[in-house]
Amino acid sequence: MAIKKSMSLVSLGLTKTRGWLCLFVLCASAWSAAQTASKRQEKSQDQIGYKSAADAEQKKTLLLKDFQPVPMLHAPVHNVDRAKYYVIDVHNHVNDALGIDEHMPPQRVIEIMNNTNVKTVVILTGMWGDKLQLVIDEMVKPYPGRFMVFAQIDWSKIDDPNFTQEMVAQLDDAVARGARGLKQLKDLGLTDRDKSGKLVAIDDPRIDPIWEECGRLGIPVSIHSTDPEAFFHPVDNTNERYEELIEHPDWSFYGTQFPSKESILAARDHMFAKHPHTTFVALHMANWPENLDYVSHLLDTLPNVMVEFGAREAELGRQPRRAREFFLKYQDRIMFGTDNGMDEAMYRNHFRWLETADEYFDYWGYPGQGRWKIYGMDLPDAVLEKIYHKNAERIFGQFRGVANVKSSN
């Protein structure tokens with residue numbers, strides 16, 4: 001009995017020991033599993049994932065004005081210091097009568113031109129009378145062949161009973177002084193109103209004799225009508241020129257107080273058709289370079305219209321294949337224009353765009369017109385020569401002058 005009782009106690013002790021051992025093993029296993037899970041979690045946090053960070057949206061606080069990304073693209077760069085052929089810049093405002101750009105010493109202007117192979121610059125905003133004469137005396141007469149100046153219409157007299165006759169006489173006087181064209185600002189059809197409050201349309205019959213007189217004199221009419229398409233849309237997060245319009249709120253023409261872009265251009269094109277014997281230069285690539293199908297139709301239907309690309313390098317440069325196709329097809333109708341302040345780098349940027357096949361580089365003034373890059377068109381030599389100077393020389397070669405017109409009447 002004693003032996004059995006002793007064995008029972010031993011058995012009970014072994015059973016308890018085994019229990020404690022099992023409990024220990026279970027605890028150890030649980031602890032090990034927990035450690036393994038923790039390590040796996042830590043490891044998963046160190047791995048590269050595929051989901052956005054939970055706080056990504058909250059961290060996007062960089063201001064648009066401070067976002068200046070540096071492209072990592074490795075692409076050839078071909079700088080063009082001088083144009084391949086001499087250039088006539090048909091759209092400029094250097095030392096004009098309106099003071100659009102800061103005044104520059106004329107000798108500095110000539111230096112820039114000589115350094116870049118620019119033969120002649122056309123100063124479009126010359127106004128009329130004594131103001132026009134000041135531009136002629138400072139820029140045209142002292143530097144024969146280097147500058148031309150255009151006159152303008154005095155719209156403050158639109159309500160005068162003899163407005164048409166006065167403006168024809170003013171135009172004749174301007175040409176007699178030395179003006180070689182007429183420049184029309186975008187106000188016509190957009191903001192210019194007569195005393196009744198009615199907008200003066202571009203095809204207003206009161207202006208017809210002025211356009212006709214330009215045809216008789218053999219001078220071109222350079223006309224700016226409307227602005228980039230985005231200027232007629234809401235200034236919100238969908239507008240590709242948001243930054244530009246915030247910088248220049250008066251450039252926004254969105255709202256019922258303004259006519260539509262399409263209606264203004266329709267009136268302008270109707271005016272072009274009414275005066276087939278007058279040469280018109282539809283500035284800024286007919287002011288719809290975003291829609292080259294429209295510009296193509298304009299040129300196909302109206303042979304008296306030319307275009308130039310002043311301040312529209314950005315729009316054309318971002319669509320290189322379509323633009324190159326357009327430049328090749330209409331090589332006799334396109335002229336070189338900048339509409340930018342005089343600067344060697346500005347001209348060289350344009351030459352690179354026209355002459356090289358470089359990819360993804362800044363247009364002049366980036367990112368002022370929009371956050372995109374441009375591509376070179378690598379135009380053939382024959383096309384370059386026409387755009388650089390031959391087309392302009394053909395148009396300016398039509399000049400007849402006041403004396404010839406009067407003698408033929």
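**A friendly note on the pocket, the sheet and the cavities**

1. Let us begin with the largest pocket, whose lining residues divide into 13 nonpolar, twelve polar and 13 charged. Please keep in mind as you read that this is a predicted model. The lining has 38 residues, and those that lie nearest the pocket's centre are Glu-244, Trp-251, Ala-311, Asp-339 and Gln-369.

2. How much space lies in the largest pocket? The value is about 990 Å³. Two elements give two or more residues to its lining: helix H7 (242–247) and helix H11 (313–317). Of the elements, H7 gives the most, with four residues.

3. Next, look for the sheet. It is an open sheet of five strands, paired in parallel, and its order is S4-S5-S6-S7-S8. Strand S4 (182–184) and strand S8 (334–335) are the edge strands, and each of them pairs on one side only.

4. With strand S6 (residues 280–282), S7 runs parallel and is joined by three bridges. Here Ala-282 stands opposite Val-307 of S7. With S8, S7 (residues 305–308) also pairs in the parallel sense, over two bridges. Val-307 stands opposite Ile-334 in S8, and Glu-308 has Met-335 of S8 as its bridge partner.

5. Are the faces of S7 covered or open? Both are covered: Val-305 and Val-307 are buried on one side, while Met-306 and Glu-308 are buried on the other. Notice that a charged residue, Glu-308, is among these buried ones.

6. Helix H10 (residues 292–301) is worth a look as well. Its buried residues are Leu-292, Tyr-294, Val-295, Ser-296, Leu-298 and Leu-299. What do these buried residues pack against? Their partners are helix H8 (261–274), helix H9 (283–286), S7, H11 and helix H12 (320–329).

7. The largest cavity holds about 50 Å³ of space, and its lining is made of Val-90, Phe-150, Pro-220, Ser-222, Val-281, Met-335, Ile-395 and Phe-396. By class, seven of these are nonpolar, one is polar and none is charged. You have already met Met-335 as the bridge partner of Glu-308.

8. The second largest cavity holds about 40 Å³. Its lining residues are Trp-128, Ala-151, Gln-152, Ile-153, Met-167, Gln-170, Leu-171, Ala-174, Leu-182 and Ile-210. Helix H5 (residues 163–177) gives the most to this lining, with four residues. Eight of the lining residues are nonpolar, two are polar and none is charged. By contrast, the lining of the largest pocket includes 13 charged residues.

How values were computed: Residues numbered from 1 in each chain as written. Predicted model: local features only at pLDDT ≥ 70, side-chain atom pairs only at ≥ 80, totals over all residues. Heavy atoms only, no water. 1 Å grid on protein atoms, 1.4 Å probe; cavity = no way out; pocket = protein on both sides within 12 Å on 5 of 7 lines; lining within 4 Å. Points joined across faces, edges and corners; volume = space filled by probe spheres on them. Pairing = 2+ DSSP bridges. Buried < 20%, exposed > 50% of the residue type's maximum accessible area, 1.4 Å probe, protein only. Contact = heavy atoms within 4.5 Å.
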